[in-house]
Amino acid sequence: MNPPQSMQMRIRHTTGYHYERGAAASFNEARMTPMTTSEQYVLRSRLEISPTPWSYEYRDYWGTTVTSFEVHDPHTDLTVVASSTVETQEVPHRPHAATWDDLSGVEDEYCEFLELSSWVAPSPTLLAELAPIRAAAATPGEYALAAAGFLHEQVAYVTGSTEVTTTAADAWESKNGVCQDFAHLTLGVLREARIPARYVSGYLHPSPDPVVGEAIEGESHAWIEWWDGEWVGWDPTNAIAPGPRHVVVAKGRDYGDSPPLRGIFSTSGGSELFVSVEITRLR
Amino acid sequence: MLSRIAQSLFWIGRYLERADDTARILDVQMQVLIEDPGMDERTSCEQLLSVMGVEDYTGNPNRWMILDLLAHNADSPVSIAAAIGAARESARRARETLSTDIWAAINTTWRGLPTARAMRSPDMFAWVRNRTAMISGIADSTMTRDEGWQFYMLGRSIERVDMTARLLSTAALASGPQVAWPTTLRACGAYESFIRAYRGIEADRQAAEFLLLDRWFPRSIVSSLAQAEKALTKLERSGQRTGFSDEAQRLLGRARTELEYRPLADIVFDLPVEMERLQRSCAAASDAVSARYFAEYEEHTWRGGIVL
Amino acid sequence: MDLPQLFDGYGPVVGFDEMMGPDLEGSGSSTVRENYRRVHESFEKMGSEEIRLRADSLASSYLEQGVTFGVAGEERPFPLDIVPRLIEAADWEHVERGVRQRVLALEAFLADAYGPGELFADDVVPRATVMTSPHFHRVVAGLEPANGVRVHVAGVDLIRDGNGDFRVLEDNVRVPSGVSYVMTNRRALSAALPEVFADHRIRPVSQYSQRLLAALRKAAPAGVNDPTVVVLTPGVYNSAYFEHTLLARTMGVELVEGRDLVCRSGRVMMRTTNGLEPVDVIYRRIDDDFLDPVQFRSDSALGVPGIINAARAGHVTIANAVGNGVADDKLLYTYVPDLIRYYLSEEPILRNVDTWRMGEAEQREEVLDRLDELVLKPVDGSGGKGIVIGPAASRDELDELRAKIMLDPRAWIAQPVVSLSTVPTLVEDGVRPRHVDLRPFAVHDGDDVFVLPGGLTRVALPEGELIVNSSRGGGSKDTWVLASPTDPEDEGEGAPAASRVAGTPQSAGPAIDGDTSDVQVQEQEQQQGRLVEESSC
């Protein structure tokens with residue numbers, strides 16, 4: 001059975017902190033509002049924060065919607081609930097057209113997506129193993145798919161195996177990772193080959209064939225896009241092209257450009273983070 | 001004005017007064033030790049240390065130890081050197097609000113410490129008194145009478161009450177032989193006015209009364225308390241606040257009336273205990289001032305960058 | 001006993017000396033240039049002993065005022081040399097125009113780089129030069145400053161080359177420091193050398209603070225009529241703390257630390273004894289990375305959480321703007337002449353020092369062949385950190401350098417060894433030529449760029465030392481910009497007061513009554529003395 005051409009997804013993303021001894025104040029930025037692109041259309045989105053803060057919304061450098069907020073009253077929990085309804089559709093198949101020679105022509109334009117930040121920088125052992133694949137790849141597109149396939153084979157997807165601060169090199173070392181690590185690993189090897197590549201974060205409906213009306217426990221997800229004459233997406237964790245089950249929130253150089261919630265708070269005790277994502281296919 | 005600056009000025013007032021008064025107290029103590037051969041050096045030094053709130057020391061207290069702990073040693077928090085250092089540090093934090101003259105005077109005093117340490121002790125005490133007098137003179141003639149001035153005066157007055165109380169305790173504990181009180185009066189620069197006021201009748205009780213209760217003598221406890229209350233009243237008005245009456249004002253007012261409306265005999269009967277109570281009131285008043293005026297200036301320890 | 005004369009043994013001068021001109025008459029000795037003639041004469045007349053006396057009192061007055069520079073957490077006096085540096089009116093006019101031009105070009109560059117990016121489309125500067133700079137702060141992209149100004153204050157480091165031509169060594173448009181020394185040096189030197197001072201018509205430097213305040217007020221968010229301006233300092237342990245206090249004091253504004261400020265509802269407030277009060281313009285002397293722990297280093301205890309968003313919401317102006325670092329790194333420096341041509345359609349008035357970019361293969365080849373002749377500078381370094389002077393480096397050091405360059409070529413630039421000009425400076429042996437640079441300060445208020453006539457002259461005290469930097473134990477000089485005779489607006493600073501002040505006699509008590517004539521004389525002397533002092537600052 002072919003997957004449908006378009007879907008409507010409702011996402012409820014809940015996250016925040018519990019403070020052991022309470023927090024006196026807190027300043028945060030949330031990047032939890034899906035973006036409207038040529039492949040998805042945001043019908044509704046809202047962000048509820050408790051305790052009710054002063055908040056301010058803006059678009060950042062990468063085009064992501066950011067809600068910045070301040071809480072000044074003592075509180076024991078900070079909760080952010082982002083709800084949105086998004087119309088998604090099949091991404092049209094795009095011919096992978098760029099040649100190796102084409103890449104130098106966009107080197108300056110996409111210099112940001114060629115940077116080997118500490119998040120993505122590939123380990124030398126990984127590069128050594130990839131060398132024959134690279135030598136055999138006739139085009140950047142061919143190499144991208146082959147390298148992503150190699151990583152998918154070599155690295156195991158293990159929930160909770162890595163931290164949010166884990167780098168691509170760490171993940172390669174342990175041969176374990178989550179979606180963020182798969183994305184970083186793939187970005188690193190592509191950029192090393194001078195192929196511009198960017199980090200995409202958002203949500204994925206976990207079921208290959210989503211049932212309409214059923215609320216499912218989901219997760220934040222991350223995948224990548226590389227430049228191949230135009231931007232082409234790939235989900236290295238699942239070794240599939242992104243489709244109507246993928247909902248885009250942000251695009252950037254790496255995880256550092258698009259954390260869902262980031263901020264600082266003043267407390268004398270420990271803090272605990274919670275997160276849950278619920279996805280329902282509406283149509 | 002900025003809470004941080006107000007706090008600095010308050011503490012400049014306190015530290016300078018503390019340096020001045022510590023020099024005065026030490027002067028009395030050293031004189032007594034020299035002039036009264038019957039005095040047990042160890043006991044008397046122990047008493048002094050206890051009056052100054054020093055509990056942490058090793059060995060038998062003697063005059064050299066006293067001089068080290070209370071005057072020379074900048075690492076000892078109760079020393080003159082430490083007080084001057086702290087005053088300078090506070091001044092540095094409030095540097096932009098101080099007149100150049102005041103800053104220069106405080107800074108020069110701090111820079112003079114190494115030289116002063118090498119002086120004979122009476123000369124050093126005189127030097128400390130002169131320098132602090134000079135700084136308050138400059139403050140008096142160059143500081144605008146704004147909130148900052150009130151905080152400076154408030155700090156100075158509260159400290160003066162506290163330290164004069166300690167000075168009186170020292171004298172009371174040392175007294176018996178007829179040396180301590182005249183020396184104490186001299187140390188306060190009060191000897192001549194005392195003689196004039198009491199027409200030459202010199203007795204322990206009168207001396208204590210004078211330093212405690214005289215409304216005209218500016219170093220007496222009662223007039224210092226009144227001075228502190230006056231500063232608080234001015235602050236209250238310039239702040240245009242309503243609501244509860246000020247906690248610090250209540251504490252200091254009560255301390256003053258307890259001195260003024262009780263029979264002198266009651267107070268003098270166990271002077272050190274009374275003086276300790278007074279010191280507690282000063283500490284509480286100081287805390288109340290901090291809570292009310294400096295509270296906005298709270299420090300947060302930020303954590304985070306925690307990203308999910 | 002024969003005392004040695006001050007200027008005996010001055011020289012031999014290598015390169016350009018600002019006092020001694022070339023030997024025109026072939027008399028075997030060089031001649032004193034016209035602008036230094038009076039200073040030279042006065043110093044000879046006073047003699048060595050008098051000059052040293054005055055230098056000592058100058059030094060101690062500096063200590064007393066607490067004019068210091070922090071080096072590694074320690075407060076050190078910042079030595080002020082007693083010999084002033086003189087700059088002629090025509091030379092200064094050139095510098096002034098050049099600095100103004102540079103500031104305007106950098107301003108246009110920043111607006112473009114954080115905005116439309118036209119310069120990339122037009123291939124003026126490679127996008128990567130800006131986008132991969134650690135100082136390109138994406139959080140302020142698209143943030144429009146209230147009156148369009150990002151470079152409220154600039155310090156442009158200049159040197160004079162072998163021909164005496166001014167060249168730009170480096171731009172500083174983040175938090176340039178040093179202007180306080182310009183002000184205190186003037187005050188101290190005019191007190192130390194009143195007669196020499198009165199011999200010249202020197203353009204005043206005392207208006208700096210008022211100019212700065214005016215520029216900051218003009219930068220206030222829209223709709224704020226009477227803005228509250230503050231100076232934000234990292235605190236007493238910062239090496240430039242003295243300067244922060246001086247600026248706050250002379251502008252009559254609060255000097256605040258990060259913890260004195262708090263953001264409430266996107267507005268910046270300061271904590272006062274009367275509660276929270278709003279702040280409109282922040283002249284910050286804290287580096288970008290420490291300014292806002294929400295956006296930058298979350299461990300920064302110096303900053304104010306939320307301040308960037310307050311600026312984005314248009315509720316507060318941060319001066320200088322966040323992200324200016326892309327405009328003054330050493331790599332962008334090499335493009336500034338192009339920026340001037342591109343944005344202003346003018347030729348650069350002040351030339352750069354010749355520079356090779358190690359990121360470009362051809363230039364790199366050339367440099368690597370002659371590392372031992374050149375000066376190599378890390379693109380990201382400041383304060384002379386990481387600089388390798390080829391001729392002074394050992395073989396091992398050069399090999400190490402070569403390896404570093406190959407590892408990250410983009411991080412390096414190379415320049416020829418420039419022989420800095422020398423000026424007379426009092427050292428142990430007498431007055432001797434020492435190398436100097438010059439940092440003029442400019443204030444941009446949106447309509448005009450004001451260049452303070454003077455600037456900070458830093459002098460390398462050890463003989464032959466080429467790196468003049470206060471963090472490397474240098475000293476400073478008072479820089480006298482001579483007023484042009486045709487300049488009507490400039491009265492010249494410290495010119496003798498026109499009218500004598502006649503005081504009324506002081507009333508005297510019984511002790512000195514009847515001796516009033518002495519009192520009067522004394523009083524007038526005091527008032528004269530005071531006049532000189534006051535008009536000098």
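pLDDT is the predictor's confidence in each residue, on a scale from 0 to 100. Chain C of this predicted model has a mean pLDDT of 84, and 83% of its residues reach 70 or more. The predictor gives the complex an ipTM of 0.90 and a pTM of 0.82. Because the model is predicted, local features need a pLDDT of at least 70 and side-chain atom pairs count only at pLDDT 80 or more, while totals for chains, interfaces and linings use all residues. Residues are numbered from 1 along each chain as its sequence is written, and chains are lettered from A and ligands numbered from 1 in the order in which they are written.

**Chain C overall**

- Chain C has 15 helices and 24 strands; these are DSSP runs numbered from the N terminus, with helices being H or I of at least four residues and strands E of at least two.
- Of the 537 residues of chain C, 45% count as buried. A residue is buried if 20 or more other C-beta atoms lie within 10 Å of its own, exposed if 12 or fewer, and partly exposed in between, with C-beta atoms placed from the backbone.
- Among contacts in chain C with a separation of 6 or more, 69% are between residues 24 or more positions apart. Two residues are in contact if their C-beta atoms, placed from the backbone, lie within 7 Å.

**The parallel sheet of chain C**

- Four strands of chain C form an open sheet in the order 7-6-11-12, and their pairing is parallel. Two strands pair if DSSP finds at least two bridges between them.
- Strand 7 (254-257) and strand 12 (317-319) of chain C are at the edges with a single partner strand each, so one side of each has no neighbour in the sheet.
- From one strand to the next, the twist averages 30°. Angles run from 0 to 180 degrees between N-to-C directions, and axes are lines fitted to C-alpha atoms, for helices over the stretch in contact.
- Strand 11 (residues 281-284) of chain C pairs with strand 12 of chain C over 3 bridges, in the parallel sense. C:Tyr283 has C:Ala319 in strand 12 of chain C as its bridge partner.

**Helices 5 and 8 of chain C**

- Helix 8 (residues 241-251) of chain C lies across strand 6 (229-233) and strand 7 of chain C, and runs at about 170° to strand 6 of chain C.
- Helix 5 (residues 179-192) of chain C packs against helix 8 of chain C at an angle of about 70°, with the axes 9 Å apart.
- These two helices of chain C are therefore roughly perpendicular to each other. Angles of 65 to 115 degrees count as roughly perpendicular, under 35 as roughly parallel, over 145 as roughly antiparallel and the rest as oblique.
- Helix 5 of chain C makes this contact through C:Val179, C:Ser180 and C:Met183, and helix 8 of chain C through C:Phe242, C:Glu243, C:Leu246 and C:Leu247.
- By class, this contact has 5 nonpolar, 1 polar and 1 charged residues. Ala, Val, Leu, Ile, Met, Phe, Trp, Tyr, Cys and Pro count as nonpolar, Asp, Glu, Lys and Arg as charged, and the others, Gly among them, as polar.

**Strands 8, 9 and 10 of chain C**

- In strand 9 (267-272) of chain C, 5 of the 6 residues are buried, so the strand is largely enclosed by the rest of the structure.
- Strand 8 (residues 261-264) and strand 9 of chain C pair in the antiparallel sense over 4 bridges, and C:Arg264 has C:Arg267 as its bridge partner.
- The hairpin of strand 8 and strand 9 of chain C has 2 residues between the strands, and C:Ser265 there takes a positive phi near 55°.
- Strand 9 and strand 10 of chain C run antiparallel and are joined by 5 bridges. They form a hairpin with 2 residues between them, and C:Val268 stands opposite C:Val279 in strand 10 of chain C.

**Where chain C meets chain B**

- Chain C has 23 residues in contact with 23 residues of chain B.
- Helix 1 (37-65), helix 8, strand 7, strand 9 and strand 10 (275-279) of chain C each give two or more residues to the side that touches chain B.
- Strand 7 of chain C gives the largest share of that side, 4 residues.
- The residues on that side of chain C divide into 8 nonpolar, 8 polar and 7 charged.
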